[in-house]
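This report describes selected features of one structure. The sequence and the model are shown first.

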Amino acid sequence: MAYLELNNIYKTYGKGEHATEVLSNINLSIEEGEFVAIVGFTGSGKTTLVNLINGLLQPTSGEVLFKSEPVVGTSHERGVIFQNYSLLPWLTVGQNIYMAVKEAFPKKSKSEINDIVAEYVEMVSLSHAINKRPKELSGGMRQRVAVARALAMKPEMIIMDEPLGALDALTRGNLQDEILNIWGKDKRTALLITNDVDEGIYMADRIIPLRPGPNATLGPEFKIDIDRPRDKTEMNDNPNFKKTRNAIIEYLMDIGNERKSVSKTEYVLPELTPKDFVNRF
Amino acid sequence: MKQSITLDKITKFMGFEFLRTLKLIFTGKIEKEDFRNFLRKVVVPLASMLLFIGLWHMGSQALYNTEATYKIEKALTEQGQEAADAMEACIASGAVKCQPNTLPSPAQVWASFNTLLDDHFAIRADKQAFAEKTAALNAKRIAEGKDAITYTGRPSFVDQILTSIKTVFAGFLLALLIAVPIGIVIGLSKTLRSSVNWLIQIFKPVSPVVWLLLVFMIVKTLTKDSNSDSAFIISFISVGLCSMWATLVNTAMGVSSVDKDYINVAKVLKLGTFQKVFKVILPSALPLIFTGLRITLSVSWMVLIAIELLAQSPGLGSFVWEEFQNGAIDSNSKIIVAMFIIGGIGFLLDRIMLTVQNMISFNKNDGI
């Protein structure tokens, strides 16, 4: 039995005539300690998939199994890093994390919780900003707070929904390394949703493309056989990397073309000629 | 990190930024940009104030002349030339008995303002004298278990202002205590919201006068046996009931429209219902709640005058009404004084609320 299993998941929004099927027949299994990336176009239903796994949404049919138990709601065992940080703006960095830790470990004393908060704030190197509010931080710093908040709850599995999507390339690279570091330390299971193929290859053990919705399904998986720790500059010369990258991009391009050629309707434009203005005067 | 509260910040919060420019002028650290700001924020408003007073003066002059001419003509047609001449001389002499009764000029209003202040000081002195005179007797009466003798003279203008402010704050507090909890509860439950929506929609537009009558019906019966100040109770309850709707609607809206991201966070952290309400929903609704409270305070000040006028409870409203009934030579200008005082206090109350709102809200608004 796999650690996380998705069996024949269908998710429909709306009812009756207005129903749109966002996800169809999703099957996925993730082993313990694995780092899996799901790559897809924007609007292909990635966030819906993530919310099904973390328990914010329930599938229309099919089942999500986490450690062989069906997922019926959110759980502290699955930490979530949201796409848009989702920090509470009226709390400081420390308070945001404190609230999460307190919920995850209700029996710990105040000073123990404070120690955990300090430890994780230190880990994302934001100790100097612990008393700042999210509004005073840059995008990258906010996302680091979100990462620290998710990890401070010590989840068994980290679910990341395009966590670095809104960041610039440099910050993105740094945070990728930070997340990999943390993941490598105690080998938690990780699921990364992204629209960046390179990011997926750099971070994950396996990449699974999500064919664009409506009726999004998962495509064939691509294994990444590159030793860890990976180095970005070296990786560019790695033949394995080039091969996998080309294969994934080709696959995604094909889906894109397929999607374009779906509409076969040809529009016949009426034959119109401009009015002859010159001769009217 | 605690943010230090400086005078600059407070004035900025309250929307009195021009004070900073004044300070810069006096300290000599002024730049071209500051000077332009000073022109825009101090000189231009002052000029428009002068223009306003000038127009007012000319307008009152014109009305005065019209009224005077009318009086003279009336005397001419009814009593003949002799009476008309007498009337003209009488008006010119400034005698009280034949002054045209019309819009007072700015100078008259200013004079009335000073009269009211003098009157206040006179009454205060009188009160003090009374207190001194009765101090010994009162001490004896209290020792004997009797009620102390209190001053029963008429209240001064300033006393009435204070009464009005007291009433408005009592009403505002009542509105806050009713509207915020109910707003939170109906904001949280869709079912409850749709079940009381008709009530809110129907009672929201009801005029203050009708509220006053309703409260009168109830309070009159309830306070039949007690000797409490029923005029005060009636007016502050009416003020509260009239003004609470803005807070009620805003609170319900703020609570029901919390950002979905925050709700997701609460779900992922598995916060309990109590925690979710107090740690996520309420803080995020706070700015809207305060916007509602600000509207409530200005509405309560606005309706207070009308309610006092009708309920005959002491205060600015009844002051205006009494002056109007009085019909003395300076009654009109006293009414105008009251008008400016009412406007000024309303403005001040709004600024206070804005300051509190800005301090509470996490997205610092610019002063409006």
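## Basis of the model

This is a predicted model, in which local features need pLDDT of at least 70, side-chain atom pairs count only at pLDDT 80 or more, and totals for chains, interfaces and linings use all residues. Residues are numbered from 1 along each chain as its sequence is written, while chains are lettered from A and ligands numbered from 1 in the order in which they are written.

## Residue D118(B)

D118(B) lies in helix α5 (residues 106-143) of chain B. D118(B) is exposed because 11 other C-beta atoms lie within 10 Å (exposed: 12 or fewer such atoms, placed from the backbone). From D118(B) to F157(B) the C-alpha distance is 10.0 Å, with a sequence separation of 39 residues.

## Helices α5(B) and α13(B)

The axes of α5(B) and helix α13 (residues 331-360) of chain B cross at roughly 80 degrees and come within 8 Å. The two helices are therefore roughly perpendicular (angles of 65 to 115 degrees).

On α5(B), the contact involves Q108(B), V109(B), S112(B), F113(B) and L116(B); on α13(B), it involves S333(B), K334(B), I336(B) and V337(B). Contact requires C-beta atoms, placed from the backbone, within 7 Å.

## Interface with chain A

Chain B places 14 residues in contact with 16 residues of chain A. On the chain B side, α10 (260-268) and α11 (273-311) each supply at least two residues, and α10(B) gives the largest share, 6 residues.

Notes:
Helix = DSSP H or I, 4+ residues; strand = E, 2+ residues; numbered from the N terminus. Buried ≥ 20, exposed ≤ 12 C-beta atoms within 10 Å, placed from the backbone. Contact = placed C-beta atoms within 7 Å. Axes fitted to C-alpha atoms, helices over the stretch in contact; angles between N-to-C directions. Parallel < 35°, antiparallel > 145°, perpendicular 65-115°, else oblique.
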